[in-house]
Amino acid sequence: MEVLIFLLVVAAVLAAVALAMAVKIVKQYEQGVLFRFGRLVGTRDPGLRFIIPFVDVLHRVSLRIVTMPIQSQGIITRDNVSVDVSAVAYFRVVDAVKSVIAVENVHAAINQIAQTTLRKVVGQHTLDETLSETDRINLDIREILDVATVEWGVQVTLVELKDIQLPDTMKRAMARQAEAEREKRAKIINAEGESLAASALGDASDTMMAHPLALQLRNLQSLVEIGVDKNTTVVFPAPLMSTIGELGAFLARETSAATAPALPADLAKTLPSPAPNGVPESV
């Protein structure tokens, strides 16, 4: 009797273990790939599935999008600049059977081919293209990965360059270049302003020549502007060129009078006195 009970208990335990091994649950975002005696039987949809223990093997494959970071790669660009570029790739399994049969580890395979593709594509571009044309580089990497992974039942949905590390010397050179570019634009703007100002002054001078009173009004306006500040400056507006000419003539007369030799008294009496206009009277 005891032996029978023992056998029944063992049979119940074995049945429970077999049932546990036979019952499989495929989640909504997964697809099962069933093998029987090592041969492909087919796929199993999400839900409760039963297999034959020790005979069938069910591989569950996730169909969700996988985010895979591509570690930083030391790359030499086409213009011989060393940069470190890292990226991120998004992919998903579209054919569960191929992802199990065609490649041993699909995640490791995509990671390795993504690194080599990133190095090859970036190496074909210059530094300026790498920094400014990231969208085109991302598209090139994605197209190459799609061609390579289509046989693995994987679709690469997106590839993005995440970080680009430049050498310190290159950073300083780019900073100097940006500074020189801004200085060039500042000089061009300043020259354009000077040209416009000169043109406006030319138009103003033409207006003042046509209307002489405009210059006097401008002088009075300058006096008003100077008088706003509390100072002791007194300004007498006068035509500048005529004032300078009269001052030069005065200094010339004074210089010639100071350097002329003195005449004897009896001879000075015989000389005619100068007329008021500076012309000597006739003897």
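Predicted model: local features only at pLDDT ≥ 70, side-chain atom pairs only at ≥ 80, totals over all residues.
Okay, so Asn80: at 66% relative accessibility, it counts as exposed. Where is Asn80? It's in the loop that links strand E6, residues 66-76, with strand E7, residues 82-93. As background, most residues other than glycine have a negative phi.

Phe54 is another one to look at. Its phi is also positive, near 65°, and again that's in a residue other than glycine. Phe54 sits in the loop between strand E4, which is 47-50, and strand E5. Is Phe54 buried or exposed? With 75% relative accessibility, Phe54 counts as exposed.

And then there's Phe37, which belongs to the hairpin of E2 and E3. That hairpin has 2 residues between the strands, and Phe37 takes a positive phi near 55° there.

Now the pairings themselves. E2, residues 30-36, pairs with E5 in the antiparallel sense over 7 bridges. E2 and E3 are antiparallel too, over 5 bridges. Facing E5, Gly32 stands opposite Arg60, and facing E3, Gly32 stands opposite Arg44.

Two packed helices are described by the angle between their axes and the distance between the axes. The pair I picked is H3, residues 106-123, and H5, residues 134-149. Their axes come within 10 Å and cross at roughly 140°. That makes H3 oblique to H5. As for handedness, the crossing of H3 and H5 is right-handed.

Who makes the contact? On the H3 side you've got Ile110, Ile113, Ala114, Thr117, Leu118, Lys120, Val121 and Val122. H5 brings in Ile137, Asp140, Ile141, Ile144, Leu145, Ala148 and Thr149. How do the residues of this contact divide? There are 11 nonpolar, 2 polar and 2 charged.

Stay on H5 for a second, and find Asn138, which is in that helix. Asn138 has a relative accessible area of 5%, so it is buried. What is Asn138 in contact with, leaving aside its neighbours within four places in sequence? The answer is Val159, Glu160 and Leu161.

Let me zoom out to finish. The chain has 9 helices and 8 strands. Of its 283 residues, buried ones make up 21%. And if you take the contacts between residues at least 6 apart in sequence, 60% of them join residues at least 24 apart.

Notes: Residues numbered from 1 in each chain as written. Heavy atoms only, no water. Axes fitted to C-alpha atoms, helices over the stretch in contact; angles between N-to-C directions. Helix = DSSP H or I, 4+ residues; strand = E, 2+ residues; numbered from the N terminus. Parallel < 35°, antiparallel > 145°, perpendicular 65-115°, else oblique. Left-handed = near helix turned anticlockwise from the far one by under 90°. Contact = heavy atoms within 4.5 Å. Nonpolar A, V, L, I, M, F, W, Y, C, P; charged D, E, K, R; others polar. Pairing = 2+ DSSP bridges. Buried < 20%, exposed > 50% of the residue type's maximum accessible area, 1.4 Å probe, protein only.
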